[in-house]
Amino acid sequence: MKLTVLGKYGPFPAPGGACSGYLLECGRRKLLLDLGSGTLSRLLQLQVDLKIDAVLLSHLHSDHMADMLILRYALQQLQSHGQDVPVPLTVIAPDSPEEEFRLLSTSGVFDITAAQDKLRARIGDITVTLHRMTHPVPTYAFSITHEGRCLFYTGDTGWREDLAELCRGADLLLADTCFTDADRKFGVSAHLTASEAGRIAREAGVKQLICTHLWGGGPVPDVTLKEASARFPDTVVAEEMRSYLI
Ligand SMILES: [Zn+2]
């Protein structure tokens, strides 16, 4: 599998950056994991024909799905111009909040399966398992396996005792590390800190941790890396438009 980071920020981007979105290539199949603001343009740099097999949305906060509304236009326009585009496009997403879900579900270009805890989906030879997480809106982590390799993407989540068990043995843990230890005083229940992600990676015995969903408001990657790698040395901070082999 190959994971390319389209955007690594949340809930708003740093200057020149994009919010959460990832392209996952599994053999000849391609999945999108979230599609936040700024990521569709990045995707088009890599995949101008938009030949994507499915989109997995962890939740319907705008920093994870805003560009789905633009992808909707792109697919409609390209289709009306006679291009062979994947319509309807398979999407797995929570069916709440209702307003955001309605924007996606009434477009006619997405074939949406409502996310559920422990839902298992097959996309070609890829297996995706969903796990409900802890966030202000319904949110799911994805465990994605292909040819014996496993990626675990947390989506957005606060601390959960079961996270290490859920991602045990994954080859790559792509984790929400929106906060650092210094942010604890502001209340950090909606996201993990870098230290927490490092602890989960260590307890789960994953092979590598990628810290992502960095807060757009500050120059924190060095702090994120220091705090996560103090718990788990095989840590990197996500770099936009960089690919990681799994
Ligand atoms: Zn969120």
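## Close-up views of a predicted model

**View 1. Seven strands, β7-β8-β9-β10-β11-β12-β13 in that order, make up an open sheet with mixed pairing.** The strands at the edges are β7 (120-123) and β13 (235-237), and because each of them has a single partner strand, one side of each is left without a neighbour in the sheet. On average, and with direction ignored, neighbouring strands of this sheet are turned by 20° against each other. The model shown here and in the following views is a predicted one.

**View 2. Strands β11 and β12 run parallel, and helices pack on the sheet to which they belong.** Strand β11 (residues 172-176) is joined to strand β12 (residues 208-212) by five bridges, and within this pairing Asp176 has Thr212 in β12 as its bridge partner. Helix α6 (residues 194-204) packs on the sheet by touching β11 and β12, with a direction that makes about 155° with that of β11. Helix α7 (residues 221-231) also packs on the sheet, where it touches β12 and β13, and its direction makes about 165° with that of β13.

**View 3. Lys8, in the loop between β1 and β2, is buried yet has no salt bridge.** The nearest side chain of opposite charge is that of Glu240, which is 6.1 Å away. A polar atom of the Lys8 side chain does, however, lie 3.1 Å from the backbone oxygen of Ala238. Leaving aside residues up to four places away in sequence, the residues that Lys8 touches include Tyr22, Thr212, His213, Ala238 and Glu240.

**View 4. Glu240 and Arg42 form a salt bridge in which the closest N and O atoms are 3.2 Å apart.** Because Glu240 lies in the loop between β13 and β14 and Arg42 in helix α1, the pair ties together parts that are 198 residues apart in sequence. Glu240 is partly exposed, with a relative accessible area of 22%, whereas Arg42, at 14% relative accessibility, counts as buried.

**View 5. Within helix α6, the side chains of Arg199 and Glu203 meet in a salt bridge of 3.1 Å, N to O.** Arg199 and Glu203 are four residues apart in the helix, so about one helical turn separates them. Arg199 is partly exposed, with a relative accessible area of 30%, and Glu203 likewise counts as partly exposed, at 37% relative accessibility. Elsewhere, salt bridges that share partners join Arg149, Asp171 and Lys207 into one network.

Methods
Residues numbered from 1 in each chain as written. Predicted model: local features only at pLDDT ≥ 70, side-chain atom pairs only at ≥ 80, totals over all residues. Heavy atoms only, no water. Helix = DSSP H or I, 4+ residues; strand = E, 2+ residues; numbered from the N terminus. Buried < 20%, exposed > 50% of the residue type's maximum accessible area, 1.4 Å probe, protein only. Lys, Arg positive; Asp, Glu negative; His and termini not counted. Salt bridge = Lys/Arg side-chain N within 4 Å of Asp/Glu carboxyl O. Polar contact = N/O pair within 3.5 Å; in protein donor to acceptor, adjacent residues only side chain to side chain. Contact = heavy atoms within 4.5 Å. Pairing = 2+ DSSP bridges. Axes fitted to C-alpha atoms, helices over the stretch in contact; angles between N-to-C directions.
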